[in-house]
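Trainee: I have a structure to read and would like to know what stands behind the terms used for it. Could we go through them one at a time?

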Number of protein chains: 2
Amino acid sequence: MQAIVQTEEKVTASLELQEVPVPTLKPGEVLVEVKAAGVNRADLLQTQGNYPVPAGASEILGLECAGVIVDAGDTGQTVGQEVACLLTGGGYAQYVAVPEGQLMPIPEGYSFVEAASIVEVACTVWSNIGMLAGLQKEDTFLIHGGAGGIGTFAIQMGKALGVTVAVTAGSTEKLKTCKNLGADILINYKEEDFAEVLKNKADVILDIIGAKYLSQNVKAMAKDAHMVVIGMQGGVKGELNLGHLLAKRGTISATALRGRDEADKARIVSSTVENIWPLLQSKEITPHIDHTLPLAEAAAALQKIQDGTITGKLVLAV
Amino acid sequence: MQAIVQTEEKVTASLELQEVPVPTLKPGEVLVEVKAAGVNRADLLQTQGNYPVPAGASEILGLECAGVIVDAGDTGQTVGQEVACLLTGGGYAQYVAVPEGQLMPIPEGYSFVEAASIVEVACTVWSNIGMLAGLQKEDTFLIHGGAGGIGTFAIQMGKALGVTVAVTAGSTEKLKTCKNLGADILINYKEEDFAEVLKNKADVILDIIGAKYLSQNVKAMAKDAHMVVIGMQGGVKGELNLGHLLAKRGTISATALRGRDEADKARIVSSTVENIWPLLQSKEITPHIDHTLPLAEAAAALQKIQDGTITGKLVLAV
C-alpha cells in the first residue's frame with residue numbers, strides 16, 4: 001500500500017509517499033481502507049521528534065481517519081461498513097489496523113472528510129471537558145486558541161451544552177471566527193491580559209499553551225475550577241503558586257489521548273459517541289475544515305500547521 | 001460564656017480564656033454546648049495571621065467539637081442530643097452556633113473527646129481522597145506526614161478500603177506509629193528520596209508539604225494519578241513541569257474545607273458520615289489522640305503543634 005514515510009529524522013519536509021506493507025491485524029482489530037485522514041498538531045510534533053510513538057503503535061503518522069472496513073479480522077464487524085476511527089497512529093496511509101473499540105459510526109450525511117476531521121478533536125475535548133472536568137450548564141468555559149481545530153470544536157460543544165464560552169486568540173479575524181461559532185467573551189491575547197478579564201470567573205479551562213499561561217490560568221480560575229492542559233505551545237516548566245490554587249480549591253490536569261491503553265480509549269470513544277454524536281447529527285456542532293489536501297502533500301499540510309495560518313482542521317484525502 | 005481569645009495579633013502565646021457573649025443563632029443553626037474541641041494546625045496558622053477567617057465566621061478558634069444541643073433554634077433538631085460538629089470557627093468556647101448540615105452523630109461508644117478528634121480529619125481526608133481523588137482498591141496511596149493527625153487517620157482509612165499505603169515521616173519512631181496503623185511502605189524522608197522509592201507508583205497522594213515536594217510528587221505519580229495538596233508546610237511556590245505531569249496524565253488539586261459554603265460542607269458531612277462512620281463504628285479506624293488539655297491551655301496546645309512533637313491529635317476538654 002502507499003503511505004507517508006519520513007525519510008529524514010526530525011525533518012518534517014522529508015515526508016513522502018512510499019510503498020509499504022499493509023498492516024497485519026492483531027486480535028480485536030479490523031482493517032480499514034482509509035478515505036480521509038485528519039491532520040493534528042501532534043503529527044507535526046512527531047515529525048520533529050517531540051511526540052514519541054507509543055510502544056506497539058504504527059510508526060506512520062495519523063491519529064484519526066474515516067474509511068471502509070475491508071477485513072473484519074476476528075471481530076464481529078461488517079466488511080463494507082463505513083466508519084470513523086480513533087487511531088494510535090497509521091492514518092496517513094491507504095490502509096490502517098484499528099482496534100474494534102476505536103471504531104465510531106459516521107454521523108448521517110457526513111462525508112469521509114468531515115468524519116475524519118472530528119474524531120480526535122471530539123474525543124479529546126469530550127474526554128477532558130465532559131468526562132474529566134465535568135463542565136456544567138452554569139459554567140464559564142475558557143478556551144485558549146479558540147480559532148484552532150480544538151478551539152472551534154470546543155466553542156460549539158460549550159454552546160450546545162449551554163455554558164458561557166470565553167476564548168483567546170491572536171487576531172481580530174480569528175476572534176471573528178470564534179464569535180460566529182457562538183463564543184460569548186472574545187479576548188485578543190496580544191491586546192489584553194485574559195487573566196484580568198476573567199479573574200476568578202473561569203470554571204473550566206481548556207489550555208494548549210502550558211507553562212506560559214500557568215499563573216494566569218490560576219488567576220482566571222473561579223472557585224472549584226478545573227483546568228486541563230492538553231498542549232504546551234508555551235513551554236513545559238512553569239511556576240505554580242499552590243497557595244493561589246488552594247484559595248480557588250482548583251484542580252489542574254494534564255492529559256493526552258494517545259498514550260492511553262485500548263480499554264481507556266474504548267471507554268472514551270463510547271462516551272464521545274453517546275454524548276457528542278447527537279450534537280453532530282443535530283448540527284449544533286459542525287466540522288470546521290480549513291481545506292483538504294491530497295495524502296501526498298502531508299509535508300505541506302504540516303507546514304501550514306507550523307505556520308499557524310489555519311483556522312479549523314486540515315484533512316488529507318486518500 | 002468562656003472562650004479562648006487572642007489578645008495580641010500574630011502571637012499564639014497571647015491566647016487566654018475570657019468572658020465573651022454566647023453566639024446568636026442564625027436561621028438553620030443550633031447552639032451546642034461544647035464538651036471537647038479538636039486542635040488543628042489551621043488553628044495555629046490562624047493565630048499567626050496566616051489563615052484568614054472566612055467572612056461571617058466566628059473569630060474564635062476551633063474547627064471541630066463534640067457536645068450537646070442546648071438550643072435547636074428554628075431547626076427540627078432535639079435539645080439534649082449529643083453531636084459531633086464540623087465548624088467554620090468557634091470551637092474553643094463553652095458554646096458554639098452550628099449550621100444543621102454540619103452536625104454528625106457521635107459514633108456509638110465514643111467519648112466527646114474521641115468524637116471531637118475525628119470530625120475535621122474525617123471530613124478532610126474523605127472529601128479529598130474519597131470524593132475528589134476517588135481512591136480505588138488496587139491503588140497505592142502515598143501519605144506525607146503519616147504520623148500526624150491527618151496521616152494517622154488517612155493510613156487507617158486507606159487500609160480499611162484495601163489499598164497499599166505508603167507514608168513519609170521524619171523519624172523511626174513516627175514510622176513505627178505508621179506501621180502499627182497498617183502502613184505498607186515506610187519512608188524516612190531524612191534518609192531516602194520518596195520519589196525514587198515510589199517512582200511512577202503512587203495513584204493517589206495526600207500532601208501537606210506543598211511547593212517543596214511538588215516535583216517529587218509528580219515523579220512519584222503513577223499514570224492517571226491524583227495528588228491533593230491540603231497543606232503547605234514546605235512553601236507555596238514550586239516549579240511544575242507540565243510535560244512530566246502530562247506524561248502521567250496527572251491531576252493536582254489544592255483544597256481547604258473551611259472556605260467552602262454551607263451547602264458544600266453539608267454535602268461533605270453527609271458523605272463522610274455515610275462512608276467513614278461505619279469504619280469508626282467497626283473500629284477499622286480508631287481515633288489516635290496524643291493527649292487532652294484543658295481549654296485554658298489552648299496556647300500550650302498550639303505550641304506543641306508548632307514544635308511537631310505530636311503524633312495523632314490534641315483535644316481540648318471544655
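Mentor: Start with the contact between the chains: in this predicted model, 28 residues of chain B touch 28 residues of chain A.

Trainee: What makes a residue count as being in contact here?

Mentor: Contact requires heavy atoms within 4.5 Å. By that rule, 28 residues of chain B and 28 residues of chain A qualify.

Trainee: Why is the relation between chain A and chain B called a two-fold axis?

Mentor: A rotation of 180° with 0.0 Å of shift along its axis superposes chain B on chain A, with an RMSD of 0.0 Å. That is the relation of a two-fold axis. The same surface serves both copies, since 100% of the contact residues of chain B recur in chain A.

Trainee: Why is the pairing of A:D224 and B:R260 called a salt bridge?

Mentor: The cut-off is 4 Å from a side-chain nitrogen of Lys or Arg to a carboxyl oxygen of Asp or Glu. The side chains of A:D224 and B:R260 meet at 3.7 Å, N to O, so the pair falls within the 4 Å limit. The rule finds 2 salt bridges across the interface of chain B and chain A, and 16 in the whole structure over all chains.

Trainee: What makes strand 10 of chain A and strand 10 of chain B edge strands?

Mentor: The open sheet has 12 strands in mixed pairing, in the order 10(A)-9(A)-8(A)-11(A)-12(A)-14(A)-14(B)-12(B)-11(B)-8(B)-9(B)-10(B). Strand 10 (185–188) of each chain has a single partner strand, so one side of each is left without a neighbour in the sheet. Neighbouring strands are turned by 15° against each other on average, direction ignored.

Trainee: How do you know that strand 8 and strand 11 of chain B pair?

Mentor: At least two bridges are needed for strands to pair. Strand 8 (residues 140–144) and strand 11 (residues 202–207) of chain B have 3 bridges, in the parallel sense, so they meet the requirement. B:L142 stands opposite B:I205 in strand 11 of chain B.

Key. Residues are numbered from 1 along each chain as its sequence is written. Chains are lettered from A and ligands numbered from 1 in the order in which they are written. This is a predicted model: local features need pLDDT of at least 70, side-chain atom pairs count only at pLDDT 80 or more; totals for chains, interfaces and linings use all residues. Side-chain values use heavy atoms; hydrogens and water are left out. Copies are superposed by least squares on the C-alpha atoms of residues with pLDDT of at least 70 in both. Helices (H or I, at least four residues) and strands (E, at least two) are DSSP runs, numbered from the N terminus. Axes are lines fitted to C-alpha atoms, for helices over the stretch in contact, and angles run from 0 to 180 degrees between N-to-C directions.
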